[in-house]
Each structure stands twice: as C-alpha cells, then as structure tokens.
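Colleague: Before we talk, can you put the model up? I'd like to go through the labels and ask where each one comes from.

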Amino acid sequence: MPELPEVETVRRGLEPSMAGERVSRADVRRPDLRWPFPPNMAERLTGARVERLRRRSKYILADLDTGESLLIHLGMSGRMTVSGDPLGQFVHEHPQIAKHDHVILDMENGARVTFNDARRFGAMDLLDTARAEEHPLLAKLGPEPLGNRFDEDHLVAAFEGRNTPVKSALLDQRIVAGLGNIYVCEVLFRAGISPLRKAGQISPARVASLVPIIRYVLNEAIKAGGSSLKDYRQADGELGYFQHNFRVYGREGGACSREGCGGTVKRVAQSGRSSFYCPRCQR
Ligand code: ZN
C-alpha cells in the first residue's frame, strides 16, 4: 500500500499538470471505488480550477475554486498518471482507455490525469475545503511527520505509559500520520529499537531519536520516488526505487547490514503485519 513517500511523489508528479489549471472534462466511469463517489462528481469537477494540490497523510487534496476539495486516496493499487503534453497546443495524444481507468480528468492545458485502480480499494470524495479537517478520513489524524507540529516532545508524550509495541505506536495514525509498515520497519532498524519493545518502556532520549530518523527515512524515500513493490508507480509511470535502500523490509534470512553486527534479519507477525528486524542489534 502506498505510504507517505509514494503519495507525496505522486502529488509532486501531478502538480505541474493540475495546479492552477481548470478541469475541462471529468469522466467518471463507474459509480464507486471502495465507497460510492459523491453525487454528481463529474459535474462538480467540470469547469473547476485546481487552486492547489496538497497532501495530508496518505491523501491528496485538490483544492478547487468552487470551495470544494477533491480528496484522493490511492488505496492498495491506485495509480494516478499524467499523459499528454501540457504545452502542446494541438497535440493531445493519450493512450487508449484501459480496463481499470475509473476517473479521467482532462485539464484545459491538454494534460490528462487518469485514476486507475485494479483492486478498487482507492477512494475519491468531494468536501468543503473550509471544513476539510473534519472529514471522517482526516479528522483523527495526528501531525504530519515532516511538519513542525511533529517533534521530540510530541512523540515522547505520545509514548509515555503506552503498553503497545513501538511498531504499533508508530503505525497509529493519531500519533503520527502517514507512516505504514515498510517505513516503520526501516525507521526502527536505523534507530536500533526492536519493533517488539513496548513504547512506554523506551527511554525518552531514544524515543526522541526517532524523530530525526523518521524525517530522514521519509525524505530519502521521497527523493528516490518512493518504493515500488507491487502496483505503485509515479505519476509519469516510472517506478520508485527506494526498495533498493531497504535494510530490513523483505530481507528475512539475510545478513544484517549493520557493520560488525553479524545478525540475521528476522520476520515476526505483529497485528497481522510482518515486522522485519535484526534481533541482535535492535533492542
Ligand atoms: Zn544487526
């Protein structure tokens, strides 16, 4: 499932074709994805200008000049790709509409934005821009890990007295928004903290050390265009390549990459998800 770096990469890829541009035609090709689309979605999008394209956690929000925002969630297998040449006045070459192309936005600049989702766990909704933070998908989200509200004091306070494993605490979207399984495994390896350790039993200094590591791992992953494991693609159709920088994720049985450790990467199931870690250097 795309996590924050993948969603941010897609947002950055869409921005040049969408921000400041008007939707000349919206083609909504089925009534729903994970949930039904909002009523009259195509009509509400057609003619609207995208004032800005932003991200909250794993959601992309296109703020429109109609006072509404289009919320986009890629789900498990959702892709948003751009075709056509936004600068070419007469060339509007687009690939043939494919089987799982569910929503197509033709922009006035000639670009076409296609939402393709084979498994249909993705979602789109229209909401009042002014009340976006009250939307059920956004209302309970904690601070953005790359934003100013996420800092050492926040994380130390959130972990205090918490009896759940640190892995679950970092996946808790109320504590920090946008982290998923892959990046939590990678963060905990770099911090030398076992995913099994109870959050409330880690010293405040070690908890605080997670903050810069989280920022570093996410920023490196964004620079690499995200991680492509199964379905994820950037907006131009290219793969991300941060999966080549994985130190533990998917490396069960491999030698620990920490110099001088000599341990072996292990996989354990936690809350139905795989945690990868080195039992020798992650304590
Ligand atoms: Zn190790």
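**Cavity and helix crossing**

Modeller: Met18, Val23, Leu45, Val50, Ala62, Leu64, Leu70 and Leu105 line the largest cavity. This is a predicted model, where local features need pLDDT of at least 70, side-chain atom pairs count only at pLDDT 80 or more, and totals for chains, interfaces and linings use all residues. Residues are numbered from 1 along each chain as its sequence is written, and side-chain values use heavy atoms, with hydrogens and water left out.

Colleague: Why is α5 called oblique to α6?

Modeller: The axes of α5 (residues 181–191) and α6 (residues 204–223) cross at roughly 125°; axes are lines fitted to C-alpha atoms, for helices over the stretch in contact, and angles run from 0 to 180 degrees between N-to-C directions. Under 35 degrees is roughly parallel, over 145 roughly antiparallel, 65 to 115 roughly perpendicular and the rest oblique, so α5 is oblique to α6. Helices here are DSSP runs (H or I, at least four residues), numbered from the N terminus.

Colleague: Which residues of α5 and α6 make the contact?

Modeller: Contact means heavy atoms within 4.5 Å. Among them are Tyr183 and Leu188 of α5, and Leu210 and Ile214 of α6. The contact residues divide into 10 nonpolar, no polar and three charged.

How values were computed
On a 1 Å grid over the protein atoms alone, a cavity is a set of points where a 1.4 Å probe fits but cannot get out, and a pocket is an open set with protein on both sides within 12 Å along at least five of seven lines; lining residues have an atom within 4 Å of a point. Helices (H or I, at least four residues) and strands (E, at least two) are DSSP runs, numbered from the N terminus. Ala, Val, Leu, Ile, Met, Phe, Trp, Tyr, Cys and Pro count as nonpolar, Asp, Glu, Lys and Arg as charged, and the others, Gly among them, as polar.
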